[in-house]
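The sequence and structure come first.

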Amino acid sequence: QVQLVESGGGLVQAGGSLRLSCAASGSIFSINAMGWYRQAPGKQRELVAAITSGGSTNYADSVKGRFTISRDAAKNTLYLQMNSLKPEDTAVYYCLTKYTDLINNEYDYWGQGTQVTVSS
């Protein structure tokens with residue numbers, strides 16, 4: 001069993017900042033990559049940012065220069081620092097963890113999502 005606990009969402013005015021966290025625990029041997037996705041009403045889920053176990057990062061063009069993804073490997077915790085937020089960043093943000101379990105099976109596991117609302 002794996003648990004992902006997301007936190008940090010909320011309501012913020014345009015131009016403000018929020019920091020999302022995603023803590024992974026359970027039967028995890030190693031985490032291969034983690035990422036943040038978001039889904040706005042009526043739209044498909046999209047990648048926001050991702051980070052590999054080696055520290056390589058990837059960002060959606062719409063958030064480059066405003067969002068920063070980071071990871072505390074010792075705590076199996078993923079962060080997303082979101083600055084200069086815009087109303088179009090409003091969405092439910094989901095954490096995705098790609099991990100290998102104790103018997104070498106690989107899985108993708110999604111968090112429950114956290115709402116981010118940016119008012120204009």
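The notes below are grouped by topic.

The model is predicted: local features need pLDDT of at least 70, side-chain atom pairs count only at pLDDT 80 or more, and totals for chains, interfaces and linings use all residues. Residues are numbered from 1 along each chain as its sequence is written, and side-chain values use heavy atoms, with hydrogens and water left out.

**Aromatic rings**

- Rings of Phe, Tyr and Trp (its six-membered ring) pair if their centres lie within 6.5 Å; planes under 30 degrees apart count as stacked, over 60 as edge-to-face and the rest as tilted.
- By this rule there are three aromatic pairs.
- In one of them, Tyr 94 and Trp 110 have ring centres 6.5 Å apart and planes at 85°, so the pair is edge-to-face.
- Tyr 94 belongs to strand 9 (residues 91-100) and Trp 110 to strand 10 (residues 106-110), so their pairing ties together parts 16 residues apart in sequence; strands (E, at least two residues) are DSSP runs, numbered from the N terminus.
- Tyr 94 is buried, at 15% relative accessible area, whereas Trp 110 is partly exposed at 35% (buried is under 20%, exposed over 50%, partly exposed in between, with a 1.4 Å probe and protein chains only).
- One aromatic cluster is formed by Tyr 37, Tyr 94 and Trp 110.

**Arg 45 over the rings**

- The charged end of Arg 45 sits over the ring of Tyr 94, 3.7 Å from its centre, and over the ring of Trp 110, 4.6 Å from its centre.
- Such a placement requires NZ of Lys or CZ of Arg within 6 Å of the ring centre and within 35 degrees of the ring normal.

**Arg 38**

- Arg 38 lies in strand 4 (residues 30-39) and is buried, with a relative accessibility of 6%.
- Its side chain makes polar contacts with the side chains of Glu 46 (2.8 Å) and Ser 62 (3.4 Å).
- A polar contact is a pair of N or O atoms within 3.5 Å; within protein, one must be able to donate a hydrogen and the other to accept it, and residues adjacent in sequence count only if both atoms are side-chain atoms.
- Residues touched by Arg 38 include Arg 45, Phe 67 and Tyr 93 (contact means heavy atoms within 4.5 Å).

- Four strands in the order 1-3-8-7 form an open sheet with antiparallel pairing (two strands pair if DSSP finds at least two bridges between them).
- Strand 1 (2-7) and strand 7 (67-72) are the edge strands, each pairing on one side only.
- Six bridges join strand 7 and strand 8 (residues 77-82) in the antiparallel sense.
- Phe 67 has Met 82 in strand 8 as its bridge partner.

How values were computed
Lists of a residue's contacts leave out its neighbours within four places in sequence.
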